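Shall we take a look?

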Amino acid sequence: MLAGVSTDYYVRLEQGRERHPSDQVIDALSAALDLAPEAVTHLHELAHPRPRRHRRPGDTGRAGPELLRLIRSWPYTPALVVNRRMDVLAANPLAAALFEGQEHADNLLRMVFLNPAARDFHADRDRGARVMVAQLRADAGADLDDPHLSDLVRELSRGSPDFRRLWARQDLSPIRHGMTLVCRHDVGDLVLAGESFTVDSAPGQRLITLQAEPGSPSEYALTVLGSLHFLMADEEDTGCALWEARR
């Protein structure tokens, strides 16, 4: 009644027997259900999928040279470049130091759901897990036939009951900013503010930064962590100015 459609039509929509609702119907249903803007966009994409971009097998994308130079210029700010499946395409030295020793660090979702040490490393792991799954659904949009995305969802579903439960909720909420608490045995706990930025020059990629409050113990801990990491890199002659994931 609120959306101005018949009960029979709405039931056919939910059952998938009506596949082509108009934009007016979608907007009316969105208003009646009080959907957030991201959910409204998602609903339009489900009803009117965009043409699929041809993908080469194994194509995961790479961070551009300008973006690599940018994150390398931030010695005191951990920064990552990820694609829509949250594969880590690049990380600057401080980000590499922050996640050093964690299993599955090449993909943020695997690191959270399949890493046995995730709960010790991420003090707010449950909240972060919910946000990341909602972000994955938002990034996927209607394009759930992406074989790489499907493989990742199957892998996480087999390996993590928590992921299966969260994925089934169908929450939809792109990451913009938030706080995270990282626990490290060498420098202690770090309270970090995360920000996420879309990369206009590479659709599907996002830049994630983590910052400590100026003058806080977390900022000092980040400085110490960076110093330890660079010292070990110099001793081992690794020359790790930047980690770029290559597949």
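Q: How many helices and strands does the chain have?
A: Keep in mind that this is a predicted model. The secondary structure was assigned along a chain of 247 residues. The count comes to 11 helices and 6 strands.

Q: What percentage of the residues in the chain is buried?
A: A residue is called buried when its relative accessible area is under 20%. Over the 247 residues of the chain, the buried share is 43%.

Q: What share of the accessible surface of the chain belongs to carbon and sulfur atoms?
A: The accessible surface of the chain is about 14100 Å² in total. The part that belongs to carbon and sulfur atoms is 54%.

Q: Among contacts between residues at least 6 apart in sequence, what percentage joins residues at least 24 apart?
A: Contact here means heavy atoms within 4.5 Å. Once the pairs are limited to those at least 6 apart in sequence, the share that joins residues at least 24 apart is 55%.

Q: Are the axes of H8 and H10 parallel, perpendicular or oblique?
A: Helix H8 covers residues 125-140 and helix H10 covers residues 161-169, and their axes come within 10 Å with a crossing of roughly 50°. That angle makes the relation of H8 to H10 oblique.

Q: Is the crossing of H8 and H10 left-handed or right-handed?
A: The two axes cross at roughly 50°. The handedness of this crossing of H8 and H10 is right-handed.

Q: How many charged residues are there in the contact of H8 with H10?
A: From H8 come Arg125, Ala129, Arg130, Val133, Leu136 and Arg137, which meet Asp162, Phe163, Leu166 and Trp167 of H10. By class, this contact has 6 nonpolar residues and no polar ones, and its charged residues number 4.

Q: How are H9 and H10 placed, parallel, perpendicular or oblique to each other?
A: Helix H9 spans residues 147-159, and its axis comes within 5 Å of that of H10, with a crossing angle of roughly 125°. H9 and H10 are therefore oblique.

Q: How many polar residues are in the contact of H9 with H10?
A: On the H9 side are Val153, Leu156, Ser157, Arg158 and Gly159, and they meet Pro161, Phe163, Arg164 and Trp167 in H10. The contact has 5 nonpolar and 2 charged residues, while its polar residues number 2.

Q: Which residues of H3 meet H2?
A: The axes of H2 (residues 23-33) and H3 (residues 37-47) come within 10 Å and cross at roughly 145°, and the crossing is right-handed. H2 brings Asp23, Ile26, Asp27 and Ser30 to the contact, and the H3 residues they meet are Val40, Leu43, His44 and Ala47.

Q: Is Leu181 buried, partly exposed or exposed?
A: Leu181 sits in strand S3, residues 177-184. Leaving aside neighbours within four places in sequence, its contacts include Phe121, Asp189 and Val191. Because its relative accessibility is 27%, Leu181 counts as partly exposed.

Q: Is Arg184 buried or exposed?
A: Arg184 also belongs to strand S3. Leaving aside neighbours within four places, it is in contact with Ala97, Leu98, Phe99, Glu100, Phe121, Leu190 and Leu225. Its relative accessible area is 13%, so Arg184 is buried.

Q: How far apart in space are Leu207 and Leu67, C-alpha to C-alpha?
A: Leu207 is in strand S5, residues 206-211, and is buried with a relative accessible area of 7%. Among the residues it touches are Leu67, Leu70, Ile71 and Trp74. Leu207 and Leu67 are 140 residues apart in sequence, and their distance in space is 8.7 Å.

Q: In which loop does His104 lie?
A: His104 is not a glycine, although its phi is positive, about 60°. At 30% relative accessibility, His104 is partly exposed. Its loop is the one between helix H5 (93-98) and helix H6 (108-113).

Q: Is Gln170 buried, partly exposed or exposed?
A: Gln170, a residue other than glycine, has a positive phi near 60°. Its place is the loop between H10 and S3. With a relative accessibility of 56%, Gln170 counts as exposed.

How values were computed
Residues are numbered from 1 along each chain as its sequence is written. This is a predicted model: local features need pLDDT of at least 70, side-chain atom pairs count only at pLDDT 80 or more; totals for chains, interfaces and linings use all residues. Side-chain values use heavy atoms; hydrogens and water are left out. Axes are lines fitted to C-alpha atoms, for helices over the stretch in contact, and angles run from 0 to 180 degrees between N-to-C directions. Helices (H or I, at least four residues) and strands (E, at least two) are DSSP runs, numbered from the N terminus. Angles under 35 degrees count as roughly parallel, over 145 as roughly antiparallel, 65 to 115 as roughly perpendicular and the rest as oblique. A crossing is left-handed if the near helix is turned anticlockwise from the far one by less than a right angle, and right-handed if clockwise. Ala, Val, Leu, Ile, Met, Phe, Trp, Tyr, Cys and Pro count as nonpolar, Asp, Glu, Lys and Arg as charged, and the others, Gly among them, as polar. Buried means under 20% relative accessible area, exposed over 50%, partly exposed in between (1.4 Å probe, protein chains only). Accessible areas come from the Shrake-Rupley method with a 1.4 Å probe; for residues, only the protein chains shown count as cover.
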